[in-house]
Structure formats: structure tokens, C-alpha cells
Amino acid sequence: MMSSQAYTPGLKRKAATMVQKTRKLPIPGSMLVKKGMVVKAGDVLARTFIPGKVHVVNVAGLLGIDVWDTSKHMLKKEVEKVEEKEPIAMTKSFFGVFKKYVYAPATGIIERISDLTGQVILREPPVPIEVDAYIPGKIVEVIPKEGAVVEAPAAFIQGIFGVGGERKGEIKMTAESPDEALTADKILPVHNGKILVGGSLVDLAALQRAAAVGVKGIVVGGVEDGDLSRFLGYEIGVAITGHEDIPLTLIITEGFGKMRMSEKTFALLKEFDGRVASISGATQIRAGVLRPEIIIPRPELEEKEIAERGEEKEFVKHGLVPGTPIRVIREPYFGALGVVVSLPVQLQWIETESEVRVLEAELEDGRHVVIPRANVEIIEE
Amino acid sequence: MEETQKRGFNPEKIKVILATDCGSTTSKARFFKKLGNEYRFVASGEAPTTVEAPFEDVTLGVKNAVREVEELIRHKMLAPEGIVCRTGMENEGVDLYVTTSSAGGGLQMMVAGVVKSMTAESAQRAALGAGAIVMDVIAVDDGRKLHEKIDRIRYLRPDMILVAGGTDGGTISHVVEISELIDAADPKPRLGAGFQLPIVYAGNKYAQKHIQETLAKKFALRIVDNIRPLLELENSEPARDAIHELFMEHVMSHAPGYDKLMKWTPAPIMPTPAAEGRMFRVIAETYKANVIGVGLGGATTNVYSVYEGKFVRTVSANLGMSYSICNVLKEAGVKNIMRWVPFDLDEVEVRNRLRNKMIRPTTIPQTIDDLVVEHATAREALRLGFAHHKLLARPLRGIQRARTIADIFEQRTFEETYIDMLKINWLAGTGGLLSHAPRRAQAALMLIDGFQPEGITKLAQDSVFMMPHLGVLSTVHPKAAIEIFEKDCLVRIGTCIAPKGTGKEGEEALKINIKMPDGSVIEERVKFGSIKKVPLKETETAEITIEPARNLDVGSGPGHNRDAVIEGGVVGIIIDARGRPLILPTDDEERKQKLVEWFRALEAYPEKLYELCER
């Protein structure tokens, strides 16, 4: 069968699944946990040290000596430790009457003395870098020198785009229905430390109000591009996010503009209202695709339930087939839900005059439409 | 041919060729076969690239793309261990497999030199020419403080560093200072934590000993001939070759799955832009022409120029049509994108649409208005990419030279590019958006609006995106690569005739006498501000005489006639009298009307678009 893989698999939305998170250091380091250990979200799993900050001291210039004489005037040798403001080099003039010193700009070690450039490189002590568990769970794998894999039973929901890094907080619903917008007046001081779930949209005023009251995260269907840019203070160019310097994490589940949150996402979040979640806005849209996520740890889950509820439906495993529920992810039917009616094998002309692989779908409102397969995603609702 | 013999196979016996390109978003397989006496393109397949998590094995994407080809033509090529060699069965195996790669962000380099506008600029050109994305250029005089440079080097985590600086026999302390900074920063490679970062040194040869002492312990150091042995000489070949070797030995071998992929192919894996650039050089060499080429990709825009023998490539790392489409929005501004849209559309709507394309980059426009918005964005990506290119395609700095009378008359300074658009003979494009444009006239207009060719320029495009595949193939089997390139890859869109200069809307800009292949003569009078199409088929030529208005130049000087023999194409002859530079009307209604007029003149879009514009 000539099957096409040209469809978006859709975002994961699971009430019960076994979530595994690989937590790695950026450079090799030492492990603080062992396989089988149970960890809390904030526990440090691995630690390393990155070389300290470097100071370049123009010793020859400061002493007024020839560059090739630099090491002769050094009071400290390479790899020797120095304290801040300690003299590291000296020159004498007028038969030793006048002395001129160069002092260490920071505490560290002398790494290099160059008689070619007259510069001395001083390095501050190493800086520790740590990686925490992010979710409470069990260490199921240790990656030597790099990190570990944490596993936990949880509800797992992916968004389509986010900004802001990893945060933890209690989920708080602010909308009655998925098409309701999250406005500033709905954000109260009691929402400090919470992850607020809205419906279809969050506007600039609401984002600013949320930041002011100390909200940890916002999960909504959509946001206007202009509002997001104004909130961040700049425009995002490339879709690699997660390191923004903002006080909260924003996750949008559907797209840009006013977008009704999908029923399933909304219902799932509602089910876990009041529970603590770990969220991350980190998004990287390239091969592999990193999407923002909401993880709600569920230690109470039995393995059997995870197996039953976590099992993927047939159409998710096999891609598009007649009867597969889909959502359209591009104009002119953006956001519409429907089911696949047929999947013609032959390429077909569309309005743009492109010849593409299409599917025929019946939308919720009864319309029969033809859509490029690339413009739908499978939903599990 | 030498390469192939070195690898122990006879090019004459090669009948079936498979080539892949592992792009940042998609892996593309192209299947070629010897049919009779010539090599031809047969089929293609595409699948998402799998170099990053959760797959972390590039060969999965390659296999998926190849599987599509297998299904299409019922020719078995895959086995669990890789690509099947030919077995003697008609529909099984390949004789040669080659591949390029820009997966995982391509080859990301940092370059360093002593003087920003001299050795550092030469190093930048060499790295770009080798197919790299240049993350930053560090120079002694770049205006940053030493600790800022160190922090920057540390933060970047490139795949490789190229260090240049000083002419042979010149001062050595500056280039040693740069190497000391790199040593102090101790940057780690992006891929393969724990491995040594490769560094190519191509500076003052008398500093080599000191560089060795400073850098050899921590880094995989390769020393090559100086990139600027004399101020007036740029020698980038040795540095470029070293970059390619290190790319294979150090960078590719640490990328997920590449150890397997490298075993599948007898030829070195080339960075995609290096292979693409090679084919633009083939055009220049084959037709003895000055060529501008562009690869408009999902993540980046690569611009190539081969001008009077000089080859320059630039990459605008974040100007692309899929997941970096919003960088085009950011760099160009929404107004510049919207100026190419001939119907009413809310600015907020345009922004949201582009953002939604960014987050779902594999979706395609279904409606005509959506297609036009993408094409508008592409024009801006091309314009910005070319502006960036011109900054590097400029004369060598640091040389004393006499200004000629022509320089004085044209008020030209050496700050400006040496590319004279009137002397460009070919303008060619590749990349998904250009190749997949439903009508070739759309690609033609995007290229013309983005690059604004002047005088007489041939327009061409890659039929189904196979220039990188042919570029890498040309390193082992040039005959096959050139045959396929001529027959199946290069689509001749036509010839663009565009006078340089501006005039008054509605006044006659030029008169052209066209002697058609059947002997008939057509006289075309074209008014300033308009564009016109005259059909002339792909294989046909016509003799023309152009008589431009007094202040307009088509290559023989303002107001001077020009005779030429021009080639046709799938669109034909495009007479573009809209002026150079091309300025769109400031009045919104007038601008929209003009766009519709131009689109109609080239029959660029279906009638549905014009109905939409009238609403």
C-alpha cells in the first residue's frame, strides 16, 4: 500500500501514562543518584563544574615593560592560586626605589603567562551546574557522567508553543468553558504560585497582571502574536524557546490568535484542578520537535490503569484511516474538528493549484471538505 | 573521475544511483538511473529528519524517505543493515549511494581573525564557502572587551573554529592573542560531549609554532596555509578543504546515527550548502557566466554568487520559510511583507498566520490568499538574504588601490559589493518553496522581486529540489551529475529584461524588436511601471534589439541600444520595466492595483486571486 506519512501526529494528551524525563548536564559531571532511588521534583541528580570566569590582565602594558619580559616580572607562576587584590606582578625602577604592582582582579588561579602578548590569564574558581529531577518519581536509568532518567505515573499534556522555562505549581481553572478568554480581572492575588488554565485566549493585560501577582504559569488555547511580543519585550524570531527571562511560563495549546482550547485538553486540566504540576514552555520546532508540556504526577495510579488508559488507539498507531478523528491546523478550516471519510491515493489539485495528497473529511457542522493531509492532525478524543 | 577510481569503482558500470539530503526538517531521497546512454532522474521520496530526540538516529529518516521511493517505483533498496548494493536483479539495489547533510542545524562554526574587515572577513568567507553557518566572528578590533569575547566563545559551543590572522611575515602577537582567548574560553563542541573541538588555523605561518603550543593540547588542531598570505591575496581553498575533512572526522562522526550513515556511502558526506554551491559553480563554469543562486530553505537562506570567477556563499542562518519564518517577519517587518499582498488583510491576521506556520511548519497553503502571504514572505527573505550577501561579496580590504574614472563617475566606493547586477547572466533558485510554487511564473516573480536583476538575466530553478544531491554526486560521478542537472534539474524559466534606472509612470521605458524562431518579428513597447510577458519556449532562442529610454540602462549605458540572443523558458521573455530600484507605490490602493496588474501580466496566479482582490 502506498501510504503517506504526511500528517501531523497530534499533541499528546493523556490522563494516565508513564512519563520518562531524561535529565542531562550540559557537560559531563558526577552523579548524585543511583538507579531505583525515589526522588522529589527539586532533588539534584547530577552536578558538574564549569570552568570559572576568565580575566585577561595586560601585565606588560600595566607595568610598562616589554612583552617578552612578562614572566620575569611575575610574582605568581602558572597554576598558582591568587586572592583578589593580591599583587601578581611587579617592576622596579630607579634602582629599586619605585615599585609598580599589578593586582589580581579576582580570586582564582593564574592559568597562562604569555611572553608573546604580555597578557596574563586568571581564572576564577569553577562554577557548579546542577540538574534537578523536575518531576517526583523513580530513577530508572543512570547515564554515567551525564544525568538520569526519571519515571513517574502522571497525566501528560503537550502544548503547541510556549515561552519560559521549567516551573512547578498548583493547577487552577479560571474558565468555565474552553472558548472563554483569560482576562486580567480574573487574576487574583490568591493565584500567586499557581498555574492558571484559561480557555481560548490570554491578552497582554492578563499576562502583565499574572506576572505582577506571582502566577507561575498560564495554559490557554491561544495568544495574539503582538501581545506576546509586547509581553516579552521583543519578537521571537526562531522557534527555539524556554530560556526567556520572564516571571512565568506561558503554554498555548492550539495556536496564535483566539483559539478555543481542545475539549480533551480542557477536560483533562479540569480533572486535575488543584493538583501540583511541573510545566515547561521550552519549544523547539525542528526535526524531533520539542513541545511545551504539563506533567501532573499521579503516584496513586496503578500499573493496570496506566496500561489501559495509556494505550494508544489504533488510528494513532496506524496513521490516518477512514474514521480517524482529526483537527484541521491551517486555513480555511483552522481549528475545525471532523473525521476522515476517505484517503484518495492519487494526488489532487487544490485551490492554490498545487497537486498534493489530500483527504476527504466530514466536519462537525456536517460539511464535506477536501484538505491536504499535511494540514490535519489526529486527535484522540 | 579520479575520486571514483580511488574508491575502486568504475563510473561506466554505475547504472543506479541513490542520493539523499538530510535537511534540518526533511530528509529527501532522489533516485537516478541510466536509461539508454544517459543518466536521468526517476523518483523522489521525503520524510521527516530524525537526527534529534526522540529518534536520535539520522538513518531512520533516510530509510523512511528511501522507502517512499521504493514504494513508488518498486525498486528494493533497503536492508536492515543499510542500503543494498546491486545484486544483478533488475529491481534491486543501487550502485552508488551519496548524501549531504544539514541536519541538526548544519555545520556551525565560529571564526576568528585579527582585523575584522580583513583576515576575519576572509575567514568568514572561507567558512561560509565550506558550507558552514557562522555563529560569530571574533576579531581583535571587533569592539568587544576581552572578557566579553571569552564569554561569547564559551557560550557558543560551535562544531568547529577557524582561526586566521596576520599576513605571512607580519606581526604574530595579535593572532596568538586570539588563540589565547580561545584557549582560556575552552569552548566545548556542540555534539559529542567529551570530544576535542576541532580548530583550523589558517593565519600567519610564522605564528604556527606558538599556535601549536597554545591550542594543540585542548583541541583537535589542524594547521593549513595562510588564508591571507599577502594583503592582496585571499587563499581560502586549504582552509575550506580542512573544514570539510574535519566535518567528516569530528563533527559528523559524533552526530546521532552518522557513524552508520558514513558506512553506507563511499563518498564523504557533504554539508548541504557546500553541495548546493558546487552546482551553482557548475552553471557558472558550463555557461561561462556570472551567476547568482539562492537556496531558500525551511531554516536558512543561502545565497551564492560566482562573479568574474569569484565564488562567495553567504547564509542567513535564521531566514527561512518554515520554522524560522518568523525571523523574516522580525527582520523585514510586517509592513514590508504586506506590501506584496494585493488584497485587504489585517496586520494581526498576517502575524498570527506566520506564527502558526512557524509552529506547524509542515502545513501547506490551501487557499490562494494563504499562498500569496507565503510568497510575500519569501520575497522578503530573498531580499534580506541578498542584502546580507552583498556585505561579504566585496573587494578585499586593506589594499591600496587606484580609483578608476568609472569608479569616480559611478560614485562607487570599495565599501560596496563588486556585484554589478547588469553583468549577472543567470539568476537561479532552489529550495522547497520555489520548487513547489504551483506556477513557474510565481517563482520567477519572487526571484525578480527579491533580487531585482538588471539588464538581461536568465532565470532558472531547481525542478524538484535536487541540487545538493547532484552537488555531492558530482564529486564522485561528474558525468552523471551534469547530465541529470541539464535534463531534469535545471528548469529554464525564461529571460528577464529589466532596465536600470527610474522613470515616470506610463511613459515609454523601452522598445524591443524580437526576431522569433519562426522568423516573425514582434515589436514590443513597454511603459515604465509595467511588466510584460512574451512567450518563447524552453528550447528556443530569439534575436532581440532593446532601445531603452534616455535615462535607462540595459547593459550598454543609459539610453544605448543593446542587441542580444536570448533563450526562452517555461514562462518566456519577461520584460520588467518597473524600474531599478523597484519602488512600490506608497498609496495603498494604487499599490494593490499595481500588484494585480503585474501578476496578471505574467499570468502568475489563478483567477480566484483577482476575484478576492476585487472584493
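Student: How many residues of chain A are in contact with chain B, and how many of chain B with chain A?
Tutor: Two residues are in contact if their C-beta atoms, placed from the backbone, lie within 7 Å. Here 48 residues of chain A meet 57 residues of chain B. One thing to keep in mind is that this is a predicted model, where local features need pLDDT of at least 70, side-chain atom pairs count only at pLDDT 80 or more, and totals for chains, interfaces and linings use all residues. As for names, residues are numbered from 1 along each chain as its sequence is written, while chains are lettered from A and ligands numbered from 1 in the order in which they are written.

Student: Which element supplies the largest share of the side of chain A that touches chain B?
Tutor: Elements are DSSP runs numbered from the N terminus: helices (H or I, at least four residues) and strands (E, at least two). Strand 5 (54-57), strand 9 (108-113), helix 3 (225-232), strand 20 (249-256) and strand 28 (368-372) of chain A each give at least two residues to that side. The largest share, three residues, belongs to strand 5 of chain A.

Student: Into which domains is chain B divided?
Tutor: The bounds come from an automatic or database domain assignment. They give domain 1 (2-103), domain 2 (106-264) and domain 3 (291-614) of chain B. The C-alpha centres of domain 1 and domain 2 of chain B are 33 Å apart. Their contact involves twelve residues from domain 1 of chain B and ten residues from domain 2 of chain B.

Student: Is strand 22 of chain A mostly covered or uncovered?
Tutor: In a regular strand, side chains alternate between the two faces of the sheet. A residue is buried if 20 or more other C-beta atoms lie within 10 Å of its own, exposed if 12 or fewer, and partly exposed in between, with C-beta atoms placed from the backbone. Strand 22 (residues 293-297) of chain A is mostly covered, with five of its five residues buried. On one side are E293(A), I295(A) and P297(A), and on the other I294(A) and I296(A).

Student: Which strand pairs with strand 22 of chain A over five bridges?
Tutor: Strands of a sheet pair through backbone hydrogen bonds, either parallel or antiparallel. We call two strands paired if DSSP finds at least two bridges between them. Strand 13 (residues 147-158) of chain A is the partner over five bridges, in the antiparallel sense; there, Q158(A) is bridged to E293(A). Strand 21 (residues 276-280) of chain A also pairs with strand 22 of chain A in the antiparallel sense, over three bridges, and S278(A) has I295(A) as its bridge partner.

Student: What is the strand order in the open sheet of eight strands in chain B?
Tutor: The order is 15-14-13-16-17-18-24-21, with mixed pairing. Strand 15 (310-316) and strand 21 (530-534) of chain B are at the edges with a single partner strand each, so one side of each lacks a neighbour in the sheet. Within chain B, strand 16 (residues 426-430) and strand 17 (residues 455-462) run parallel, joined by four bridges, and A428(B) stands opposite A460(B).
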